[in-house]
Amino acid sequence: MTMNRRDFIKLGALAPAAAGLAGFPMIGRAAAKRVVVVGGGVGGATAARYLRIFDPSIEVTLIEPNANYFTCFMSNEVLSGDRTLDSLKFGYQGLVKRGVKVVQKSATAIDAAAKKVTVDGGQTFEFDRCIVSPGIELKYDGIKGYSEALANDKIPAAWKAGPQTTLLRKQLESMKDGGKVIIAAPADPFRCPPGPYERASLIAQYLKVKKPKSKILILDAKDKFAKQDLFMAAWKELYGDMIEWVPFSKEGKVAKVDAGSMTVFAGELESAHKGDVINLIPPQSAGKIAQMAGLTDEKGWCPVDLATFESSKQKGIHVVGDACIASPMPKSGYSANSQAKVCAAAVVAALSGGKAAVPAFTNTCYSIVGPNWAISVAGIYKLEGGKLEAVKGSGGLSPANASPEMRKREVMYAHSWFNNITQDIFG
Amino acid sequence: MKHAFLGTAIVAAWAMTLGGPALAAPPDAVTMMANTCVGCHGTNGSSTGPATPTIAGMSTDTFIEAMKGYKDGSRPATVMDRIAKGYTDDEVKQMATYFSKLPFVRAQQKTDPALVKAGAALHKDHCEKCHVDNGRKDEDGSNILAGQWLPYLNYAMTDFTKGGREMEKKMKAQVEKVQAKDPKGLEALMHFYASQK
């Protein structure tokens, strides 16, 4: 027998006097609103935590296969040797303390009609609303000859922090002075638009001290990139001609890799570039579970209603973070955190029959380019007619002529950003 | 007796599950706005450092004045000038009220005991009339200094003394006196305020 809310209220009124003590808690459970969050990265963990902050009566289950999450942001500091991979590691104890049920399994199916999520081993979790924060899938086959096995073993992507980050750091450490590091940057859209260039900067920071005769070659699948002028000015000043950037229009797009000869082939002419260390960041799409659940469009990303982040494809399922289409917000950690709160508020409103407040969206993103030198971009967005728009006259980049004192402060603020946002996500 | 207690507990649990007074309303617009600040300034406005300041507990006057200064460019900034321009005066006022009601949570930070001691004496002689209760109270736009992150306190003082941030007359006079008395005086004061638990 299923019981609706009204039946339960009737029964509840009698409960203290009449209901059997053993039976009562079960009825209570059946009536609680249930949200299942799939994916324990920035978007998913923030959504789970803020659902419980906004409405502690909601039963929140977080499904995440890994015991810990390693943030992608700040992982370039592992490559420069400024921090350990462990300093990027966050567990789910904070969420458990908030009353989130954490299930350490992989979601294998999301059924919008039956309102249930299936995990590895077949167990199912029913929901009133589901929030999916699947992150990205790396499409290794976007580069001929590349594969996940190769990325794990010899030519890391290191675009999700973890063993490949460690591998790339080790390769840099064992490279000879005078060696060449090749970084392949993907076309838009992809996770963390300034990331490949921060990576080049922090690898250069390391090489300048330890292996100053070395070179870094960025082969790019596009003609411009995030914070470009700020990066290039910093490179020139800090690293001379150590970093070379080859845009799409100058044969920059990597088409093929040969692991045996450590060669990549770029551009229409497939010009060969030999590297001592090769880091290929392949094209991306929304995480696999989003594709399996029918949440993605033909380009592989998830269209959503930006007021609620409810999928345009599947009712009752919301998508936040890198996987969703929320342009002009970039695919950044701060965006995911910001979107997850808007989504959590909308879900609380939907479940309680209330009205969601006007949503607010912000992005702040720091890139560290060298010792005492960081740059940032900020954006405040408002929802206008279903579209996100940056508030006119606000946001934008660090000024080109910022003083050394301000560049140095931005490093301290970047590290503060990391501490505060991870606390806000994981508790 | 035992049964009566259990009954009460069940009613409480039942009320929480069902709603009634315990049902949380969806967050309002100012909460949503304030929640976009906390990725940098810390959950509930208390920063975990090392430099971004805690904004919880700040008086509404201080908050509004700061945002005004960032907006019109009169206050030096790294990123807040770009962010402040994204909000109307009314939105700033709402956020000011929101954060003014939250407690300033002080985190542990390293300070130099000798500087703290010297700073304590300087505070008594030059600052405590406005920065009352060792900088704990934000009266007349004095901001809360006690337990603020040390790098941030130093940035603010650098902006006052070298960065073109305007000081009130009485503060300027006292700062000059401190500088004349002890070349490390301002640094000592910052250590003193940062050391407050």
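**Exercise 1.** Determine how many residues line the second largest pocket, which of them lie nearest its centre, and which elements supply the lining.

*Solution.* The lining consists of 44 residues, and those nearest the centre of the second largest pocket are Gly141(B), Ser142(B), Phe160(B), Glu168(B) and Met171(B). Here a pocket is, on a 1 Å grid over the protein atoms alone, an open set of points with protein on both sides within 12 Å along at least five of seven lines, whereas a cavity is a set of points where a 1.4 Å probe fits but cannot get out; lining residues have an atom within 4 Å of a point. The elements that give two or more residues to this lining are α4, α7 (113–127), α9, α10 (169–181) and α11 (185–194) of chain B, where helices (H or I, at least four residues) and strands (E, at least two) are DSSP runs numbered from the N terminus. With seven residues, α4(B) contributes the largest share. By class, the lining has 19 nonpolar, 10 polar and 15 charged residues, and the volume of the second largest pocket is about 1,300 Å³.

The model is predicted, with local features needing pLDDT of at least 70 and side-chain atom pairs pLDDT 80 or more, while totals for chains, interfaces and linings use all residues. Residues are numbered from 1 along each chain as its sequence is written, chains are lettered from A and ligands numbered from 1 in the order in which they are written, and side-chain values use heavy atoms, leaving out hydrogens and water.

**Exercise 2.** Describe the volume and the lining of the largest cavity.

*Solution.* The largest cavity holds about 580 Å³ of space. Of its 36 lining residues, the closest to the centre are His41(B), Pro53(B), Ile55(B), Tyr70(B) and Met80(B). Two or more lining residues come from each of β22 and α12 of chain A, and from α3 (38–41), α4 (60–72), α5 (80–84) and α9 (150–161) of chain B. The lining divides into 23 nonpolar, nine polar and four charged residues.

Note on methods:
Points joined across faces, edges and corners; volume = space filled by probe spheres on them. Nonpolar A, V, L, I, M, F, W, Y, C, P; charged D, E, K, R; others polar.
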